[in-house]
Amino acid sequence: MKNKITLLLMALFLGAGCVWADDVTISSEAEWKSFVTTVKSSPSTNAKLTANITLTANASNFANDYMPGTSSSPYSGTFDGQGFTVTYNKNGLSEEVQGLFRYISGATIKNLRTEGSLESSGTVMGGIVGQALGTCTITNCASSVTLTRTGSPTDDATYGGIVGRTGDNSTGNISIQNCIYTGVISGNKSISGIVGYVRNNCTVNISNTLFAGTLTSTGSNKCNFYRSGGTCNLVSNCYYISNYDSQGTAATSANLLNGELAYTLASADDTNNTLFWGQGNLNKSNIDAYPNLTSEATKKVVKVDINGMSTKPCVNPGGAIPNPCRFGKLGFKLNSGDAYSLETMPTEGGTFTYGTSKLETTTGMYCITLSAAATTLILPFDCESLPDGITAYDVTYSSGDAVTATQVTKITADKPVLINGTAGTTYKFTGTFGGTFSGTLSDGVKAHTNGALTGVYVDANANSGYNPIAYVPANSYVLQNGTEGLGFYQVQNENTVRITSFRAYLTVQSGSSAARRLTITFDDNNTTGIKNISEQTNNDDAIYTLNGTRVDHPVKGLYIKNGKKYIVK
């Protein structure tokens, strides 16, 4: 009996998350190098990352000392990144095959992030794996590594964001699932967003994967997902943001802005891995540009029931919910009995009921919380009585670059104004609402001009999801918190800056060029916090998210600078 009890206790102990003898834990550069050395004699060694690590860029024999697996002894174990990141930057490489894992065969790589850059004259390179042989699985992995090919302009690059090359003309079966590439690949020709090249007799299955990177090549064969001599199947949910060929499905503005793409990817990943598909700041102006693999709970994407809405909207747990009074009756097609208010969303699976205020057939209400002291506003109804604490202004050009803000006591439907209040305060504008937004719909946008301001309504049913936005024309001015404080900053390029529905931008005076200096005079000498901007500041140094939000200190991701995509690593 005693022996049985002892055996039972041993079994319970061994099953309680114990690390087996052949598992290696890695938390530093030295431990990574030790792991690489171990793999040379024991290629099936299992390993786990327990911290973010950076590999030394000036290592003299980088490929041999830092990249596990060789052509004769490829790595064949299970490597679990546990959501941590390996960062490496190395130029001047020349070996044929390069990658954080140089060669793998029969291996599993999961829950791993890679960042940094590799520059090589070698012909094969991947953001995570150089060459995958036999049957392998790469799952829940993200790479933003920049891959650059040097050497003859006629040579193939055979570079891929996740894997450089698969197979060695022998039978193999590679599975790539729940992966994303967001970096830049530059090569003479033949580069791909996910797999550089699939060799003969090898089958690759790619699923639930997003290509959000950039391919730069002077030659041919730029592919979203793969270049193939064997068989490659885009099994399901393979999306791209920038398109270089016909592979995969386009991520639309709508499903990027309303969280639907993130929700689709997350729903298909039921493996409960360390990294999951998420997208932060849903239903806010600073929404993440695209879904990504994350371990941050606040970026999880779920759907909730909201009374009166036939479609469940995507939200972040504890984040913002789509606000019908922000987007108007057209946005959610509320019935006369549907109620709304500004609230924090419920937990996943919960049912949300809006507050007691009604959006009725003949009554309009618009709620706004000021992030700064002033903002622009256009309403689809007459607001005869301004909320307490609000001052409104018509804005007109007086002469040259001089702009005058004249105080008004009411807001007329479809006439944009500048309003001033207290930052952080929520104001409710009420009035008579006719039931439709007036004006001609052009590409989902209805624009109305009042003096120097042009306000927009954006049809939430016209390819814009739950976050209606509109591009601001070049040379116009947008009220922003910029480098000189709150003011009207000039938009230098088309399709770079966007504003949400019920907002306005300052147009250029008819018959004149855009002024470099913009001076605003308030007829009542009121303090709005708006500064006169002395120079055109939306220039080559200004950085914006893909949604048009200006950022002064960008973190990792894809941005727009000078009208072109710009990646921060």
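1. Tyr 393 is buried in this predicted model, at 0% relative accessibility. Tyr 393 forms a ring pair with Phe 522: the centres lie 5.2 Å apart and the planes meet at 75°, so the pair is edge-to-face.

2. Over the whole structure, the search gives 10 aromatic pairs. Another of them is Phe 79 with Phe 101, with ring centres 5.1 Å apart and planes at 70°, so this pair is edge-to-face. Phe 79 sits in strand 4 (residues 78-80) and Phe 101 in strand 7 (residues 101-105), so parts 22 residues apart in sequence are tied together. Relative accessibility is 0% for Phe 79, which is buried, and the relative accessible area of Phe 101, likewise buried, is 0%.

3. Phe 79 and Phe 101 are also members of a cluster linked by ring pairs, together with Trp 32, Phe 35 and Tyr 75.

4. Arg 113 deserves a separate look. This residue is in strand 8 (residues 108-120). Arg 113 is buried but has no salt bridge; Glu 115, the nearest side chain of opposite charge, is 5.8 Å away, whereas a salt bridge requires a side-chain nitrogen within 4 Å of a carboxyl oxygen. Leaving aside residues up to four places away in sequence, Arg 113 touches Gly 83, Phe 84, Thr 85, Val 86, Ala 142, Leu 275, Leu 293, Thr 294 and Ser 295.

5. What is the count of disulfides? The count is zero. Cys 202 takes part in no disulfide, and the nearest cysteine sulfur, in Cys 136, is 8.6 Å away. Cys 202 is buried, with a relative accessible area of 1%. For Cys 238, the closest cysteine sulfur is that of Cys 232, at 8.2 Å, which is too far for a bond; the cut-off is 2.5 Å. Cys 238 is buried as well, with a relative accessible area of 5%.

6. An open sheet is made of five strands in the order 6-9-13-17-21, with parallel pairing. Strand 6 (97-98) and strand 21 (222-223) are the edges, each pairing on one side only. Within this sheet, strand 13 (residues 159-160) and strand 17 (residues 191-192) are paired in the parallel sense over two bridges. Tyr 159 stands opposite Ile 191 of strand 17.

Notes: Residues numbered from 1 in each chain as written. Predicted model: local features only at pLDDT ≥ 70, side-chain atom pairs only at ≥ 80, totals over all residues. Heavy atoms only, no water. Helix = DSSP H or I, 4+ residues; strand = E, 2+ residues; numbered from the N terminus. Buried < 20%, exposed > 50% of the residue type's maximum accessible area, 1.4 Å probe, protein only. Lys, Arg positive; Asp, Glu negative; His and termini not counted. Contact = heavy atoms within 4.5 Å. Pairing = 2+ DSSP bridges. Phe/Tyr/Trp six-rings, centres within 6.5 Å; stacked < 30°, edge-to-face > 60°.
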